[in-house]
Amino acid sequence: SVLALPFDVANGGVDVGCDSWNTNCGGLDLAWLWPTVYLLIAIFIIVLIPFTIVFYESWEPGANCCKRICTATICQVIGLVCWVLAIGICFSFFKFVDIPVATYSSTVGEFLPCSVNTQGSASVYSCDNSDIFSSFPVREEEHVEIEATFVIYLIGFLSFVSWIFFSVYTGIGLATLPMSLWRSFYYRPKFMPRELYLKLRAEMAKKAADLMEQGSKLRKETSEKPGVARVPLSYTSWKRKTDEKKAFNQFKQEVDALETDFEDLRYCHENWKGYNPLVPYCKLILGIISFILTLVWVLHIILYMLVRNPYPNGIPISYFLNTAFSWASKEINFALLGVILVGTFAIYLLFCALEGTARLGLRFLIVEIHPLKVGGTYMNSLLFNLSLVLLCVPALVQFCTVAFADYIVLTNAALTFNVFVQNMRFFNYFFEYNIFVFVLLGVMVLAAVFTYCCLRDKNKKTSAGLREKIDRFKEKGQIDEKEKNGKVKKTEATDQPNKQRAEGEAESSDEEVEIIKS
């Protein structure tokens with residue numbers, strides 16, 4: 001879907017007369033392209049991916065497949081009803097598009113700087129290369145009201161919702177992606193002697209045993225106590241569940257970091273012969289390229305999209321990348337080069353969005369970690385990252401269409417996004433004044449400050465911090481149990497099977513710790 005934009009440009013939309021006399025164009029009628037792409041995105045985001053994620057997340061040992069399908073269907077119906085209500089209500093009130101139109105009027109005598117030559121009964125006007133519209137004394141601006149179709153409004157609605165995620169995630173990724181690639185090179189595996197390798201491996205084994213202990217405590221503290229009735233939903237229970245989720249995400253983050261460090265440690269000695277030393281240098285090159293792309297994107301946003309006279313619909317201070325793409329396509333005599341550059345800059349923003357999601361989840365611990373690993377990615381992690389990509393794509397395409405508006409003129413993308421979506425009621429106030437673009441730059445600045453200036457990363461917490469948090473859960477759970485004893489009636493339960501189960505879990509946990517230590 002992102003590459004559909006350079007495909008639209010490559011079809012010849014930048015040339016005049018593609019639909020009639022110009023034979024140098026691609027010749028394809030792409031009026032169906034963007035409605036089809038966005039309908040598919042809506043189907044995946046609203047129907048297919050949520051259903052599949054709930055289906056996989058509802059798996060339990062011995063669970064019935066029909067029960068999992070019913071659970072996923074119920075959740076899907078609830079989500080679908082919410083989406084339909086939101087889109088339907090907004091469409092009924094804001095389905096009109098107010099397209100700005102400027103009307104110029106003048107008499108023949110005021111048609112300057114053109115000169116009139118009379119040849120017989122005909123009058124021939126000759127004008128210089130200056131802007132003839134500047135000589136018109138009367139200029140009227142008005143808005144033409146057009147009712148948008150449901151498909152066109154769906155494109156605008158998805159783009160607006162997508163901007164909420166795109167502005168935050170991409171802003172973080174623009175600042176952190178170059179540093180992440182550079183750190184991968186700086187902390188690359190290096191060969192170490194056997195004594196040092198065994199010492200570091202023993203320290204990791206100790207940390208793994210500590211994480212297993214904390215994981216066992218976390219599981220016991222967050223699981224429901226047998227014989228205790230559920231407390232009705234309240235702020236206290238919601239706050240406790242939120243803290244438990246953050247603690248679990250932090251625990252999962254530390255486990256993932258330990259696994260990554262252990263793999264790197266094995267490359268330093270045990271698997272040294274199987275390690276490719278060119279990988280970190282490739283990441284260094286990609287880090288330099290990503291830093292250049294980030295800098296160019298920031299300059300283009302400021303010079304072309306934000307600094308205009310008058311703001312916001314005036315003339316930009318510089319056309320920057322639009323001029324560069326046009327020059328690359330025409331002056332170098334390689335028309336495909338401009339298309340490749342458009343696709344490169346668009347795909348880079350997509351990678352920034354993925355990087356921003358991982359960073360945001362690691363820092364605030366509100367988004368579950370879903371790492372992508374070769375041969376080690378779970379289905380729910382793959383679906384989560386796919387949903388993230390699809391959520392960011394509509395805003396990404398619109399952003400690139402607006403950013404390269406003077407290069408992709410006369411394309412179907414320019415007509416769809418720069419004319420219809422950009423001028424939809426209610427949405428036009430956010431798009432016209434670049435509200436989301438300012439949010440993107442602001443988030444990028446904040447992310448850069450935290451990444452480059454704060455030497456101590458807040459996310460890199462030790463297991464001691466996790467241990468303190470779990471102990472607080474334990475103390476709070478004991479206090480909550482005392483309060484529940486006075487308000488909630490306990491049901492009679494057999495303590496002996498639960499005690500035997502707990503002892504069995506403790507014995508298995510001790511055996512696993514001994515295996516790791518060995």
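This is a predicted model: local features need pLDDT of at least 70, side-chain atom pairs count only at pLDDT 80 or more; totals for chains, interfaces and linings use all residues.

Me: Which elements each supply at least two residues of the lining of the second largest pocket?

Reply: A pocket is an open set of grid points, whereas a cavity is a set where the probe fits but cannot get out. Here the second largest pocket holds about 1,200 Å³ of space, and its contributors of at least two lining residues are the strands β1 (96–105), β4 (138–147) and β6 (315–316) together with the helices α7 (278–306), α11 (412–420) and α12. The largest share, six residues, comes from β1. Of the 33 lining residues, Pro-100, Asn-313, Asn-418, Gln-422 and Asn-423 lie nearest the centre of the pocket, and by class the lining has 18 nonpolar, eight polar and seven charged residues.

Me: How many cavities of 30 Å³ or more are there, and what lines the largest cavity?

Reply: The count is three. The largest cavity, with a volume of about 90 Å³, has a lining that includes Trp-163, Met-305, Phe-399 and Gln-422; α10 (379–403) gives the most to this lining, with three residues, and the classes are eight nonpolar, three polar and no charged. The second largest cavity contains about 40 Å³ and is lined by residues including Ile-45, Trp-83, Ser-162 and Pro-394, with α4 (150–186) and α10 each supplying at least two. In that lining, seven residues are nonpolar, one is polar and none is charged.

Me: How many salt bridges are counted, and which parts of the chain does the pair of Glu-147 and Lys-95 tie together?

Reply: A salt bridge requires a side-chain nitrogen of Lys or Arg within 4 Å of a carboxyl oxygen of Asp or Glu, and six are counted here. Glu-147 and Lys-95 meet at 3.2 Å, N to O; because Glu-147 lies in strand β4 and Lys-95 in the loop between α3 (65–93) and β1, the pair ties together parts that are 52 residues apart in sequence.

Me: Is Asp-98 buried or exposed, and what is its salt-bridge partner?

Reply: Buried means under 20% relative accessible area, so Asp-98, at 18%, is buried. Its partner at 3.1 Å, N to O, is Arg-425, which lies in the loop between α11 and α12, 327 residues away from Asp-98 in strand β1. Arg-425 is partly exposed, at 25% relative accessibility, and a network of salt bridges links Asp-98, Glu-145 and Arg-425.

Notes: Residues are numbered from 1 along each chain as its sequence is written. Side-chain values use heavy atoms; hydrogens and water are left out. On a 1 Å grid over the protein atoms alone, a cavity is a set of points where a 1.4 Å probe fits but cannot get out, and a pocket is an open set with protein on both sides within 12 Å along at least five of seven lines; lining residues have an atom within 4 Å of a point. Grid points are joined across faces, edges and corners, and a volume is the space filled by probe spheres set on the points. Helices (H or I, at least four residues) and strands (E, at least two) are DSSP runs, numbered from the N terminus. Ala, Val, Leu, Ile, Met, Phe, Trp, Tyr, Cys and Pro count as nonpolar, Asp, Glu, Lys and Arg as charged, and the others, Gly among them, as polar. Buried means under 20% relative accessible area, exposed over 50%, partly exposed in between (1.4 Å probe, protein chains only).
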